[in-house]
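Subject: Structure for your review

Dear colleague,

Please find below the structure that I am handing over to you. My findings follow it.

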Amino acid sequence: MGLVNRDDLNGKVVKLEALQPSGRWQVTCEKSGESILIKPANLHTFSDALGYGTTARNPRDTPMKDLPCNGCGEVGGNNKACVGCRIAIYCSKECQTKHWPDHKVFCKQAKKNQELDAQDLSALDIYHKGVAAAQRRGQEREAIDFYRASIVKDPFLFVAVANLASMLRRVGDNEGALTVLLDAVRRGAEAPQSAVAYEPRAFYIVHETLGNAFMSNHDVQRAMASYRQAMKIAEALRLREPGAYIQMGACYDLLGDHAASLRTKRENAERFPGAYICHYNLGCELRTQQPMAFDTAAASFRKALTLSDGRRDADVHAMLGVTLLDEAVVRRSSPADAIACFEEALRRDRHHPAAQRDLQKAKAYAMVADHSGLNL
Ligand SMILES: [Zn+2]
Ligand SMILES: [Zn+2]
């Protein structure tokens, strides 16, 4: 039901309840308490983080002068529609200028949605425009607009939700990302079948990204709840996604729960034997918690190296080097293997600070050991 047949609703204040699978908002009329579905284009007056407003109207059917100004609420002969979105109404330049900070996100998005509607593009088409923009440097805002527009068309296009949230986080809008993700998670909980219809993995990613957004806010408890939910989805859909499991280990670290941290990292290395990062994390945890267990930590780092993750190989060689150096000092044996590791790390990243420092340490130890007559 649009507003074409509901002139009585024009200009009425409504409360947004939930975005429906159809792309329409379920709203409650403030005065009558009536609950109806309205297209986003038929809502105006920005006041909500999602960019939709709270006054119902049919822009085509009501004479402009009968619509209240979005700035001051005045109804009168001079009221004109915003030239950007053609939805917001203003009585004067002053009211428009004053309202602009609240209106600009909605205005841009409404204009974009109208253009895309005119081109008759599907939600997926619009999403792909977003992906293309995201790949071009300096077009992050453009990508964000396309992703938002595709979600308005199809609120269950969770792959767009995940990309939108990541892009918002990348431009520093973590709160915006949280809003978008929480909204999607709520929709997903209401209609889990629709949530996994396009790409099951996207539903998982939305929960993992939500956890990351909570982590950015130092809200570890809520982050863990999101990661747990992501893990549940991964298990139900049989997805091999290590992200949420790995983040769980990081959460226990932040909480100072060492036992849970080690347990989680052990489980992760077993659950994802092909994931380089799980073995590296387990090795680091073993180094911290069981500093004398050289062999088990070294085995984890060696395993990580067989799975190589180019960019971070230098870190693993450096960590393996430190493990071997500590072992050499304790056992009063030769640090030659440790030195080889640091040199390997520096070959991959010649400015690696830890490898540079520890290589000097290992060489100094070799020299001292030599002078003091240790049988190396
Ligand atoms: Zn006004
Ligand atoms: Zn506007």
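The secondary structure of the protein comprises 15 helices and 7 strands, where helices (H or I, at least four residues) and strands (E, at least two) are DSSP runs, numbered from the N terminus. This is a predicted model, in which local features need pLDDT of at least 70 and side-chain atom pairs count only at pLDDT 80 or more, whereas totals for chains, interfaces and linings use all residues. Residues are numbered from 1 along each chain as its sequence is written, and chains are lettered from A and ligands numbered from 1 in the order in which they are written.

Of the 376 residues in the protein, 42% are buried. A residue is buried if 20 or more other C-beta atoms lie within 10 Å of its own, exposed if 12 or fewer, and partly exposed in between, with C-beta atoms placed from the backbone. Among contacts with a separation of 6 or more, 49% join residues 24 or more positions apart; two residues are in contact if their C-beta atoms, placed from the backbone, lie within 7 Å.

Helix H5 covers residues 174-190. Its 17 residues should span 24 Å at 1.5 Å a residue, and the end C-alpha atoms are 24 Å apart, which agrees; the expected span is 1.5 Å times one less than the number of residues. The buried residues of H5 are Gly176, Ala177, Leu178, Val180, Leu181, Ala184, Arg187 and Gly188.

The axes of helix H9 (residues 243-255) and helix H10 (residues 258-271) come within 8 Å and cross at roughly 165°. Axes are lines fitted to C-alpha atoms, for helices over the stretch in contact, and angles run from 0 to 180 degrees between N-to-C directions. H9 is therefore roughly antiparallel to H10 (an angle over 145 degrees). On the H9 side, the contact is made by Tyr245, Ile246, Met248, Gly249, Tyr252 and Asp253, and on the H10 side by Ala260, Ser261, Thr264, Lys265, Asn268 and Arg271.

Two residues deserve a separate note on their backbone. Most residues other than glycine have a negative phi. Arg86, although not a glycine, has a positive phi of about 60°. Arg86 lies in the loop between strand E6 (80-81) and strand E7 (89-90) and is partly exposed, with 16 other C-beta atoms within 10 Å. Asp120, also not a glycine, has a positive phi of about 60°. Asp120 sits in the loop between helix H1 (93-119) and helix H2 (123-135) and is exposed, with 7 other C-beta atoms within 10 Å.

Yours sincerely

Definitions and conventions
Angles under 35 degrees count as roughly parallel, over 145 as roughly antiparallel, 65 to 115 as roughly perpendicular and the rest as oblique.
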